[in-house]
Amino acid sequence: MNLHRIREMHASGEKIVMLTAYDATFAALADEAGVDCILVGDSLGMLIQGHASTVPVTLDQMVYHTQCVTRGNKTAWVIGDLPYGSYQQGAAQAIASATLLMQAGAHMVKLEGGGWTTEIVHYLTQRGIPVCAHLGLTPQSVHALGGYRVQGKTDDQARILSAHARELADAGAAMLVLELIPATLAEPVTQSLPIPTIGIGASGACSGQVLVLHDMLGLTRGKPPRFVKNFMADASSADAAIRSYVRAVKEKQFPEQGVHTY
């Protein structure tokens, strides 16, 4: 998998399948099951380390887990999260952080937020580092957002998010994650952009989907978010569950409108 192939999929309307992984074993499973993109997410702070948010995750930890994932992966496109505090100080800090993730084996880096991040995206992409942007619910800003809430519900919020999406694409972002936004916003944003959108709680109108590995395997404690489907419920193994997830996204059976959307 490479950016050229991802762009071909987007142009042809083929759904892009993304899944998180944090170690070599699950990276290999995801790759062999046909996942197009593996996200080494800073969600590992909550799932692997037991934190209440992604904020405590360090760049060194992201480098370590990216190295683990790339050892298990053979063909999928690997995206490494830039963690909280690794790019907020500006372009110079961002390039230093992104360089470490790319040297660890990532093919692309992901950062959260719009507006102020546009300059950073442009700076990175002009220097040969592919960037995936992230709008909507941005977990690193959870305290500023007042919790894990649906974003873009008001006209003003929708207008700002749409403007930020366009700015990020114009700045060179090659992909955009849309998290926890209404379907009525995800669809026009997706249609207006020349780059693929990857939804998580943002409807099937997006160019592709991403889920957290532990969520889709039914391993996360507590009540799962509305946008999650437990693919292990009807599977005999983790491998079968991931293959079912890939098939459901490719065949546009997941997410279901009104069931996994807002």
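Does phenylalanine 227 count as buried or exposed, and at what relative accessibility?

**Figure 1. Phenylalanine 227 in the predicted model.** This model is predicted. At 9% relative accessibility, phenylalanine 227 counts as buried, because the cut-off for buried is under 20%. The residue sits in the loop between helix 10 (213-216) and helix 11 (238-250). Leucine 180 is 47 residues away from phenylalanine 227 in sequence, yet the two C-alpha atoms are 8.3 Å apart in space.

**Figure 2. The whole chain.** The secondary structure of the protein comprises 11 helices and eight strands. The radius of gyration is 17 Å, close to the 18 Å that the globule rule gives for 262 residues, so the protein is as compact as a globular protein of that length. Along the principal axes, the C-alpha atoms fill a box of roughly 45 × 40 × 40 Å. Of the 262 residues, 55% count as buried.

Figure 3. Strands of a sheet pair through backbone hydrogen bonds, in either a parallel or an antiparallel way.

**Figure 4. Strand 1 and its two partners.** Strand 1 (residues 16-20) pairs in the parallel sense with strand 2 (residues 37-40) over three bridges. On that side, methionine 18 has cysteine 37 of strand 2 as its bridge partner. Strand 1 also pairs with strand 8, again in the parallel sense, over four bridges. There, glycine 208 of strand 8 is the bridge partner of isoleucine 16.

In a regular strand the side chains alternate between the two faces of the sheet. In strand 1, Ile16, Met18 and Thr20 point one way, while Val17 and Leu19 point the other way. Which of these side chains are buried? All are buried, whichever way they point. Five of the five residues of strand 1 are buried, so the strand is largely enclosed by the rest of the structure.

**Figure 5. The largest cavity.** Rolling a probe the size of a water molecule over the atoms shows where empty space is left. The count comes to one cavity of 30 Å³ or more. About 40 Å³ of space lies in the largest cavity. Strand 8 gives the most, with three residues. By class, the lining of the largest cavity has six nonpolar and four polar residues, and no charged ones.

**Figure 6. The largest pocket.** About 610 Å³ of space lies in the largest pocket. Of the 29 residues that line this pocket, Ser43, Met46, Glu179, Val212 and Asp215 are the closest to its centre. Helix 3 (44-47) and strand 6 (175-179) are the elements that give two or more residues to the lining. The lining of the largest pocket divides into 14 nonpolar, seven polar and eight charged residues.

**Figure 7. The second largest pocket.** The volume of the second largest pocket is about 380 Å³. The pocket is lined by 20 residues, and the closest to its centre are Gly113, Gly114, Gly136, Thr138 and Leu145. The elements that give two or more residues to the lining are strand 5 (131-136), helix 7 (142-145) and helix 8 (155-171). Which element gives the most to the lining of the second largest pocket? Helix 8 does, with four residues. By class, this lining has eight nonpolar, 11 polar and one charged residues.

Methods
Residues numbered from 1 in each chain as written. Predicted model: local features only at pLDDT ≥ 70, side-chain atom pairs only at ≥ 80, totals over all residues. Heavy atoms only, no water. 1 Å grid on protein atoms, 1.4 Å probe; cavity = no way out; pocket = protein on both sides within 12 Å on 5 of 7 lines; lining within 4 Å. Points joined across faces, edges and corners; volume = space filled by probe spheres on them. Nonpolar A, V, L, I, M, F, W, Y, C, P; charged D, E, K, R; others polar. Pairing = 2+ DSSP bridges. Rg over C-alpha atoms; globule rule 2.2 N^0.38 Å. Buried < 20%, exposed > 50% of the residue type's maximum accessible area, 1.4 Å probe, protein only.
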